[in-house]
Each structure stands twice: as C-alpha cells, then as structure tokens.
Amino acid sequence: MKDGLKIALPKVRLGNKVYAVLSQIGYGYDEIMADSRKLVFYDEAKGNTYFLVKPSDVATYVEYGAADIGFVGKDILLENNSNVFELYDLGIGKCRICVAGEKDFPYHEKKHLKVATIFPNISREYFLASGKTIDLITLHGSIEIAPLVNLSDVIVDIVETGTTLRENNLVVHKEICPVSTRYIANKVSYTYKNEEIRRIYDLLKNLEAENND
Ligand code: PRP
C-alpha cells in the first residue's frame, strides 16, 4: 500500500461541491459518489485514502493526524478553534453565520437574549463583543424551530439561500460573518508530506485562475 495522502471529505451537501473541485484537479475517485454506505476509499493508483466524515468532524480528523488534509467550512474552524493550517479558500459553500429570529422580535432593543445554536463558542464570543448577555441553548440541527416554540428568542445559524428561514417565517437580525470552504492540513503532515500538500494548493489556485479567465 502506497503512503499517499489521507483526505477527509465532508459528507452530504458540501461534499458534492468539494468532490466536483477535487475531480477537476485530478483527485477524483468515482466510487466516492456512488450511492453506498461505504466511508473509506483507497485509490490504489495514486495511493490516496479518502474518508467521508460528518462536515463538523473534518477538522478533528485533520487536527489529530488521522487525515493529512481536509476540506471544511470556516464555521467549523471558528467554532472548534482548530489547530490546523488553513491553506486555501475554495470559494465554494459560501454562506453566512447569522442571528435570526421572528420578524417582530425587538432584537436591537434587547440587552439579554436566549440564544439557540449549533455554534456555542462563536455565539458566546460574538455576544460578549456586542455587549449583550445571553443564555445559551446548544442544539444539533433544525435550529429554526427554537424561536417558533419559545425555546429561544433568537438562533445563531448558517444561512445559505435563506430558504429555511423564509419557510419558517424567520428573518436575519444580524450577520456575524461570511464563511466558505477551506483547504486545511495537519501541521505535522504539512512538513513531511509538503510536496503533495503544496501540489494540491497549486492545482486549486490554477483552477481558480482558469475559472476567472
Ligand atoms: C443548514 C442550516 C440551516 C440551513 C440553511 O442546515 O443549519 O438550517 O442549512 O440553508 P438555507 O439558507 O439554504 O435554507 P442543514 O441543512 O445542514 O441541516 P440541519 O438543520 O440539520 O443542521
């Protein structure tokens, strides 16, 4: 077995976009996109191994060296304060981390808020800096329900198209920051597999240049 790169890829929505980019730079492996429950793929020709992991776990695999490199949303890097090298912004998976709630909720007047979120660390830091105190309620998905059933006043969540907010009669009260997908590397791997890791960086840059032509 060749000692190629171990690559952590996010499953689901973001995964398809990342996979399309990898294919374009010659790092595709068709079996990954097959409809199966398989999670680890070894590309014998190139010697690379791909792991399909939960998007929020990609940075953990890379930080601990189980994967050499990975592709992950900036939101996850901010939330986990991940100890990895962030090498490149792929410019895909673009969305915003926002404070959202019901339209008539007087967000700007409130000094204390009940906040439901999948991003407790980002939320804590943001509200501390903005001078509001909060009660934090950590959830793991479908956050939009929280203000509708009075679990919270507002939510801090990812907004991409805005459809989920709209369909649940919620609006953005404040944008915290934009996020997108980043190419990351384990710090030790970056040294001892530097050539391969840099090669992918160069290919990503070239692809962006070609797409901008
Ligand atoms: C994310 C996020 C929002 C939604 C935003 O949820 O938490 O709910 O996408 O996307 P939109 O602005 O395009 O509607 P996801 O689909 O990952 O599932 P989840 O609710 O289980 O977290």
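A polar contact is a pair of N or O atoms within 3.5 Å, and the legends below use the term in this sense for a predicted model.

Figure 1. A polar atom in the side chain of threonine 161 is placed 2.5 Å from an oxygen atom of the ligand. Because a polar contact requires N or O atoms within 3.5 Å, this pair at 2.5 Å qualifies. For threonine 164, a polar side-chain atom is 2.4 Å from an oxygen atom of the ligand. Glutamate 144 also takes part, with an N or O atom of its side chain 2.6 Å from a ligand oxygen. The protein buries 70% of the 490 Å² that the ligand exposes when taken alone.

**Figure 2. The shell of residues around the ligand.** The ligand sits in the largest pocket. Two elements, β9 (154–159) and α6 (163–167), each give two or more residues to the shell around the ligand. The largest share comes from β9, with three residues. The residues surrounding the ligand are Arg13, Gly141, Ser142, Glu144, Asp157, Ile158, Val159, Glu160, Thr161, Gly162, Thr163 and Thr164.

**Figure 3. The chain as a whole, for orientation.** The chain contains 11 strands and eight helices. Along the principal axes, its C-alpha atoms fill a box of roughly 60 × 40 × 35 Å. Of the 213 residues in the chain, 45% are buried.

**Figure 4. Glutamate 160, between β9 and α6.** Glutamate 160 belongs to the loop that links β9 and α6, and this residue is among those that surround the ligand. Its relative accessibility is 32%, so glutamate 160 counts as partly exposed.

Figure 5. Most residues other than glycine have a negative phi. Serine 142 is not a glycine, yet its phi is positive, at about 45°. Serine 142 is located in the loop between β8 (133–138) and α5 (145–148). With a relative accessibility of 54%, serine 142 is classed as exposed. Serine 142 is also one of the residues that surround the ligand.

**Figure 6. Asparagine 169, a positive phi between α6 and β10.** Asparagine 169, a residue other than glycine, has a positive phi near 55°. The loop that holds asparagine 169 runs between α6 and β10 (170–179). Asparagine 169 counts as exposed because its relative accessibility is 61%.

**Figure 7. Valine 179, in strand β10.** Strand β10 includes valine 179. The relative accessibility of valine 179 is 4%, and the residue therefore counts as buried. Phenylalanine 71 is 108 residues from valine 179 in sequence, while the two C-alpha atoms are 13 Å apart in space.

**Figure 8. Glycine 70, in strand β4.** Glycine 70 is part of strand β4, which spans residues 69–73. Its relative accessibility is 0%, so glycine 70 is classed as buried. Between glycine 70 and lysine 38 there are 18 Å from C-alpha to C-alpha, with a separation of 32 residues in sequence.

**Figure 9. Proline 55, between β3 and α2.** The loop between β3 (48–53) and α2 (58–63) contains proline 55. At a relative accessibility of 27%, proline 55 counts as partly exposed. This class applies because 27% falls between the limits of 20% for buried and 50% for exposed. Proline 55 and isoleucine 76 are 21 residues apart along the chain, and their C-alpha atoms are separated by 8.1 Å.

Key: Residues numbered from 1 in each chain as written. Predicted model: local features only at pLDDT ≥ 70, side-chain atom pairs only at ≥ 80, totals over all residues. Heavy atoms only, no water. Near = heavy atom within 4 Å. Polar contact = N/O pair within 3.5 Å; in protein donor to acceptor, adjacent residues only side chain to side chain. Areas by Shrake-Rupley, 256 points an atom, 1.4 Å probe, with all protein chains shown as cover. 1 Å grid on protein atoms, 1.4 Å probe; cavity = no way out; pocket = protein on both sides within 12 Å on 5 of 7 lines; lining within 4 Å. Sits in = over half its atoms within 2 Å of the grid points. Helix = DSSP H or I, 4+ residues; strand = E, 2+ residues; numbered from the N terminus. Buried < 20%, exposed > 50% of the residue type's maximum accessible area, 1.4 Å probe, protein only.
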